[in-house]
Amino acid sequence: MKKLICILLAAATAAGCEKDDPTRYDMSQGRVCFPGAAPNETAEYPGYSNSDSTFYASMTFKQQPEGVAEAVIEVPVKLIGGASGSDRKIGVRVLEEGTTAQPGQYEILGAEVPAGKTYGAIRIEVAKSAELDTQQRELTLCLTDSPDLRVGPDLYLKANVSWHNMLPRPATTKQWSTYNAFIESEASSGSSSTEAYSQAGHQLLLDIFGWEVFPDWGPDYSYYIDAWCARAQAWYDEWKAANPGQKRIHESGSMKGREVTIRTK
C-alpha cells in the first residue's frame, strides 16, 4: 500500500480535540465536525453515539465484491456555516487511544469539503487480510484546525473507523435496540447499548431471520416482540436438537465466553 499520507500534521497541535470556547467561534469562515444524532442527520449519516461523543463508521469486506483486496471508507464530515466556491481541506490526526491498525494497513487518501457542499468526507483506503475474518482493525480520528476550516464543537470532533470481514455491526441506535431486544445480556430490552454485541449473537439472528443488517425497529417492537422472541426460541430449540452438544458462544463484548441465548424478558 502506498505510503501513509499525513494530512495537515502541522495543524494537529495539542489543542486538537480539546474543548473550544464557543464564545470564540467565528462562523463567517465556517467550522467542521462529524455529523451528530439529530434525526435529519442520522437518516443519511448514522453512526454518532451520544454515550461517548464519537462518530462510528464501519466497513466489512463481506459486503464487497468477491476478490476485492482494498476498499475505501468514506467518513462523513459536516460543515457548520455556508458552502464555499472552492474545495476546503480538513485537518485530521490519528489518536493512539483506540487505534489498533498499524501504518501500512490503511492510508488516508484525503479529507475535504467539496465546493458548493455542506458535507464532505475523510477518505481512507484499507486492505483486506485473513486476520479480518476474526478481528477488526480500528482507527481513532480527531478533527483539527486547518488553514481552510477550524473545528466545531468539541463533542463532535472524534470518530472511530473500523473494518473487518465479518457481519456488519449495527449502525443506528434503533438497530442496536433491535439486537438487544432479542439477545440476552445485562442490557435492557430495547437498550441502544453496544457493549453486549457479538458476532455469534448476530449470526444467530441472521440464521433465524436472515438479518445481515438489522431492521430499524427500536423500541417500536414492544407490542409484538414476545411473538418474535418465541419464534426465535423455537428455531433455536430445533437447532440445538439437531446439533446435540454444540453451543453458540459470545466471542466478544460484555457477554464474552457465555452461551448465546434468546431474551426472555
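Which residue in β3 is the bridge partner of S49? The partner is T54, in a model that is predicted, with local features requiring pLDDT of at least 70, side-chain atom pairs counting only at pLDDT 80 or more, and totals for chains, interfaces and linings using all residues. Residues are numbered from 1 along each chain as its sequence is written, and side-chain values use heavy atoms, with hydrogens and water left out.

**Overall composition and confidence**

The protein chain contains four helices and eleven strands; these are DSSP runs numbered from the N terminus, helices being H or I of at least four residues and strands E of at least two. Of its 265 residues, 43% count as buried, where buried means under 20% relative accessible area, exposed over 50%, and partly exposed in between, with a 1.4 Å probe and protein chains only. The mean pLDDT, the predictor's confidence in each residue from 0 to 100, is 87 for the protein chain, and 87% of the residues reach 70 or more.

| Stretch | pLDDT | Contacts in the model |
|---|---|---|
| Residues 1-16 | under 50 | 35 contacts beyond four places in sequence |
| Residues 18-25 | below 50 | 14 contacts beyond near neighbours in sequence |

Where pLDDT is low, the predicted coordinates should not be read in detail.

**The sheet**

Five strands form an open sheet in the order β2-β3-β11-β9-β6, with mixed pairing. Its edge strands, β2 (48-49) and β6 (91-95), each pair on one side only. Strands pair if DSSP finds at least two bridges between them; β2 and β3 (residues 54-60) do so in the antiparallel sense, over two bridges.

**The nonpolar cores**

A nonpolar core is a set of buried Ala, Val, Leu, Ile, Met, Phe, Trp, Tyr and Cys residues joined through side-chain atoms within 4.5 Å. The largest one has 33 residues, and those with the most contacts inside it are V75, I122, I124, L143 and W163. At least two residues each come from β1 (31-33), β3, β4, β7 (106-113), β8 (119-127), β9 (137-144) and β11 (158-164). The largest share, five residues, is supplied by β4. Leaving aside residues up to four places away in sequence, W163 touches M59, F61, I73 and L139, among others.

**An exposed loop residue**

G82 lies in the loop between β4 (70-80) and β5 (88-89). G82 counts as exposed because its relative accessibility is 52%. Between G82 and K117, 35 residues apart in sequence, the C-alpha to C-alpha distance is 8.6 Å.

Technical notes: Contact means heavy atoms within 4.5 Å.
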